[in-house]
Amino acid sequence: MNVLLFGKRGQVGHELLKKLQQLGAVVAFDSTEVDFRDDEQVKHVLRQEQPDIIVNAAAYTAVDNAESESVLAHQVNATAVGHLASYANDNDALLVHFSTDYVFDGTKDGRYNEQDLCNSFSVYGTSKRDGEERIIESNCKHLILRTSWVYSNRGTNFIKTILKLATSKAELNVINDQVGVPTSAQLIATVTSQILSKYVENPVSLKEAYGTYHLSPSGETNWHEYAKFIVRTAMERGEHLQLPLEAIHPIPTSQYAQAAIRPKNSLLDTSKLRSAFQIELPDWQVDVEETICDLLTSRTTPYNI
Ligand SMILES: NC(=O)c1ccc[n+]([C@@H]2O[C@H](COP(=O)([O-])OP(=O)(O)OC[C@H]3O[C@@H](n4cnc5c(N)ncnc54)[C@H](OP(=O)(O)O)[C@@H]3O)[C@@H](O)[C@H]2O)c1
């Protein structure tokens with residue numbers, strides 16, 4: 001089967017490329033090769049490559065910038081995704097797409113399941129929900145995997161930011177009233193390829209399984225506890241940091257100015273995914289520890305994390 005991957009330079013796309021290549025031939029693009037701002041480029045590459053499986057890890061992910069770039073966010077996260085869905089439907093291809101906890105407003109008491117009402121407070125979340133709707137309305141064979149708080153050892157993410165700040169700051173304020181689950185790009189890629197391997201072996205085996213799923217590790221944390229975990233883990237591995245654990249102070253969201261409103265509760269209920277595909281999800285701390293170790297051992301200069 002021909003697999004076409006978009007977003008190969010992103011956190012998730014980079015990990016996916018490695019995993020998908022174990023399943024068969026993969027053609028992968030970054031934004032310089034296929035730009036989602038250009039409808040014709042997207043349609044053209046689909047016509048040219050004729051994929052059996054489209055995996056879309058490309059997205060406009062700058063959550064705060066999206067508040068002032070709403071047209072661009074919608075183009076990349078919804079309009080372009082609509083073209084992928086339309087191709088998939090017309091050609092009996094499978095579309096695998098990634099979405100976000102930010103489609104929810106975060107006011108629920110308890111974990112969000114796939115049936116819960118989407119009601120994003122942000123442009124980014126709304127654009128991602130619009131993308132999901134384009135896929136669902138197209139009627140194509142699809143898997144939408146919603147995930148949360150993504151990190152990897154590349155790109156910009158919370159782990160790298162905290163490690164950098166901990167090398168120079170004596171004190172740090174971190175939000176403690178937003179709860180969620182950090183998810184490694186590696187876990188997302190592993191689970192995606194596990195599901196796709198079943199499809200590649202026997203496409204009919206997924207016939208009853210198309211739809212939306214929540215994907216994150218088990219457990220939960222908040223940004224403040226997460227920051228402390230990162231610093232503690234790095235220190236335990238011999239890293240000399242300026243920032244003592246007791247100098248990481250909890251603050252409410254109201255004291256941290258950001259353009260976009262984030263959900264206070266980003267917890268996703270993953271039981272549907274675990275039971276549909278017999279997948280076990282590790283505790284979030286396992287992959288975070290591994291990523292910190294990777295970052296500390298692979299860097300080339302003291303603070304080039
Ligand atoms: N990051 C998170 O915390 C988070 C949380 C929940 C869900 N998600 C979802 O998970 C998926 C992957 O996220 P990620 O963290 O891997 O994001 P990322 O690291 O920001 O990567 C996104 C990729 O999208 C590509 N892209 C952006 N604009 C594009 C355009 N106009 N045309 C074509 N490609 C474009 C970029 O390609 P280039 O590098 O080539 O420019 C980039 O590599 C997304 O669907 C995202 O919404 C992310």
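**Nonpolar cores, ligand shell and selected residues**

Excluding neighbours within four places in sequence, Phe277 is in contact (heavy atoms within 4.5 Å) with Leu143, Ile195, Lys198, Leu206, Ala209 and Tyr213. The model is predicted, with local features requiring pLDDT of at least 70 and side-chain atom pairs counted only at pLDDT 80 or more, whereas totals for chains, interfaces and linings use all residues. Residues are numbered from 1 along each chain as its sequence is written, and side-chain values use heavy atoms, with hydrogens and water left out.

Phe277 is also, together with Val55 and Leu273, among the residues with the most contacts inside the largest nonpolar core, which comprises 31 residues. Such a core is a set of buried Ala, Val, Leu, Ile, Met, Phe, Trp, Tyr and Cys residues joined through side-chain atoms within 4.5 Å; buried denotes under 20% relative accessible area, exposed over 50%, and partly exposed the range in between (1.4 Å probe, protein chains only). Two or more residues of this core are supplied by each of strands S1 (3-6), S2 (26-29), S3 (53-56), S4 (94-100) and S5 (141-147) and of helices H1 (11-20), H6 (185-201) and H8 (271-277). These elements are DSSP runs numbered from the N terminus (helices: H or I, at least four residues; strands: E, at least two). Helix H6 provides the largest share, eight residues. Another core of 30 residues lies apart from this one and includes Val34, Ala73, Val81 and Tyr87. In soluble globular proteins, nonpolar side chains tend to be buried together.

The ligand is surrounded by 25 residues (a heavy atom within 4 Å), of which Ser31, Phe36, Thr61, Tyr124 and Lys128 are the closest. By class, this shell consists of eleven nonpolar, eight polar and six charged residues. Ser31 places a polar side-chain atom 2.6 Å from an oxygen atom of the ligand. A side-chain N or O atom of Asp35 is 2.9 Å from a ligand nitrogen atom, and a backbone N or O atom of Val150 lies 3.0 Å from a ligand oxygen atom. Of the 890 Å² of accessible area that the ligand has on its own, the protein covers 82%. Two or more shell residues come from each of H1, S4 and helix H4 (123-138); S4 gives the most, with three.

Three further residues were examined individually. Thr212 is located in strand S10 (residues 211-214) and counts as buried because its relative accessibility is 12%. Beyond its neighbours within four places in sequence, Thr212 is in contact with Glu114, Ile136, Ile144, Arg146 and Lys272.

Asn153 occupies the loop between strand S6 (150-151) and helix H5 (158-168). Its relative accessibility is 35%, so Asn153 counts as partly exposed. With neighbours within four places in sequence set aside, its contacts are Glu15, Lys160, Thr291, Asp294 and Leu295. The side chains of Asn153 and Asp294 form a polar contact at 3.3 Å, that is, a pair of N or O atoms within 3.5 Å, one able to donate a hydrogen and the other to accept it within protein, with residues adjacent in sequence counted only if both atoms are side-chain atoms. Between Asn153 and Asn222, the C-alpha to C-alpha separation is 20 Å, and the two are 69 residues apart in sequence.

Thr291 belongs to helix H9 (residues 284-298). At 8% relative accessibility, this residue counts as buried. Its contacts, neighbours within four places in sequence again left aside, are Tyr151, Ser152, Asn153 and Ile159.

Methods. Areas by Shrake-Rupley, 256 points an atom, 1.4 Å probe, with all protein chains shown as cover. Nonpolar A, V, L, I, M, F, W, Y, C, P; charged D, E, K, R; others polar.
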